[in-house]
Amino acid sequence: AAMAAEGPPLTGVALAAAPEAVPAGWTAITVTVEGAAANLGKGFGHKGGGYLCVSTGGAQAAPGPVVTDVQVLSDRSPQPAGYTRAPEFPEPRTTGSRKKRVYVKLLPLDAAETAVFDIKLSSKSKALPHYMKIGEMGSFAIWCKKGPVLKSSPPPVPKPRTISAGLRQLSLQPSASDQKYGHVHFFFLTFPPPQHLSLLFPAMDGVPFTLHPKFESKLSSGSNAILTDLNIKSLADIEKEYNYAFVVERTAAARLPPSVC
């Protein structure tokens, strides 16, 4: 099963004649997990042997393809579909005989579900937990560690809101019919359509009050009969009726000692 891997996935696997032949951005695997020198020897085909090397891409401006699988096959096996042969550093002058060949499968980061995150070499009798054996070269077993590719999720897109008919009636935004008839909405209250105004407010449209029913019988059109029951007072009558001379207060104040007043 794929394990969660730390660090970025590999972006390349190659072979190098010597550690100093590895170009910038690549790292040679010079020791095995047991600490022995990881020179592939005759398995590489060079007189001086060779080394596996890997690349993680570094701080690229744009993420390139990543290694999704590595296979080590004999020179008699055909090249698997979708794989490319691992490059060699430096480039060999001739395509000499290789007992084993390394093939790499690359996929764009967005299309890769899993990728290779690490490669290690060990003795053939060694077993590495969480690593998968991909083949043997020389006297070594080659292992790779795969894991899921963590992709940055796109920013969440808000879902369009669907407003029910009940909520739409509470909206302050005028509807299409309101704009047609010129309706006005105040404080979430919608006035009835124009065709019903005459039924609800006959002859009282625009009047801020209504008369009590006991006065309606006395009021006739064009008359002031209702005013006869009103007691109209002049300003002098009002001052006389509500005049207050403060006699009690003045008398009490006159009896108090000067120190209190």
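Let me start with a term: a contact here means heavy atoms within 4.5 Å. With that in hand, here is a first look at the chain: among its contacts with a separation of 6 or more, 66% are between residues 24 or more positions apart.

Before we go on, a word on the source. This is a predicted model, where local features need pLDDT of at least 70, side-chain atom pairs count only at pLDDT 80 or more, and totals for chains, interfaces and linings use all residues. Residues are numbered from 1 along each chain as its sequence is written, and side-chain values use heavy atoms, with hydrogens and water left out.

Now the overview. The protein chain has 6 helices and 12 strands; these are DSSP runs numbered from the N terminus, helices being H or I with at least four residues and strands being E with at least two. Of the 261 residues, 24% are buried. Buried means under 20% relative accessible area, exposed means over 50%, and partly exposed is in between, with a 1.4 Å probe and protein chains only. The chain exposes about 18900 Å², and carbon and sulfur atoms supply 60% of that area. Accessible areas come from the Shrake-Rupley method with a 1.4 Å probe, and for residues only the protein chains shown count as cover.

Let's go inside. A nonpolar core is a set of buried Ala, Val, Leu, Ile, Met, Phe, Trp, Tyr and Cys residues joined through side-chain atoms within 4.5 Å. The largest one here has 22 residues, and those with the most contacts inside it are Val13, Leu52, Val70, Val102, Ile119, Leu121 and Ile142. Which strands each supply at least two residues of this core? They are E1 (12–16), E3 (51–55), E4 (65–74), E7 (100–108), E8 (114–123), E9 (132–137) and E10 (140–148). A second, separate core of 6 residues includes Ala16, Ala28, Cys53 and Phe89.

Leaving aside neighbours within four places in sequence, Val70 is in contact with Val13, Val102, Tyr103, Val116, Ile119 and Ile134.

Pro9 sits in the segment before E1, and its relative accessible area is 15%, so Pro9 is buried. Beyond four places in sequence, Pro9 touches Thr56, Val66, Ala115, Val116 and Phe117. Pro9 and Lys146 are 137 residues apart along the chain, with their C-alpha atoms separated by 8.6 Å.

Pro87 is in the loop between strand E5 (84–85) and strand E6 (88–89). Is Pro87 buried or partly exposed? With a relative accessible area of 33%, Pro87 is partly exposed. Setting aside neighbours within four places in sequence, Pro87 is in contact with Val13, Ala14 and Leu15. Pro87 and Gly12 are 75 residues apart in sequence, and their C-alpha atoms are 9.0 Å apart in space.

Another loop residue is Thr32, between strand E2 (26–28) and E3. Thr32 counts as buried because its relative accessibility is 7%. The side chains of Thr32 and Glu34 are joined by a polar contact of 3.1 Å. Polar contact means a pair of N or O atoms within 3.5 Å; within protein, one must be able to donate a hydrogen and the other to accept it, and residues adjacent in sequence count only if both atoms are side-chain atoms.

On to charges. A salt bridge is a side-chain nitrogen of Lys or Arg within 4 Å of a carboxyl oxygen of Asp or Glu. How many salt bridges does the structure hold? There are 5. One of them pairs Lys120 with Asp118 at 3.6 Å, N to O. Glu136 forms a salt bridge with Lys124, the closest N and O atoms being 3.5 Å apart. That pair links distant parts of the chain, with Glu136 in strand E9 and Lys124 in the loop between E8 and E9, 12 residues apart. Glu136 also meets Lys133 in a salt bridge of 2.8 Å, N to O. Through shared partners, salt bridges join Lys124, Lys133 and Glu136 into one network.

Last stop, the surface. Tyr244, Phe246 and Val248 form a nonpolar patch with about 330 Å² of accessible area together. Patches are made of residues with over 30% relative accessible area and no salt bridge, with like charges joined within 9 Å and nonpolar side chains (Val, Leu, Ile, Met, Phe, Trp, Tyr) within 5 Å. Val248 belongs to helix H6 (residues 247–255), and its relative accessible area is 61%, so Val248 is exposed.
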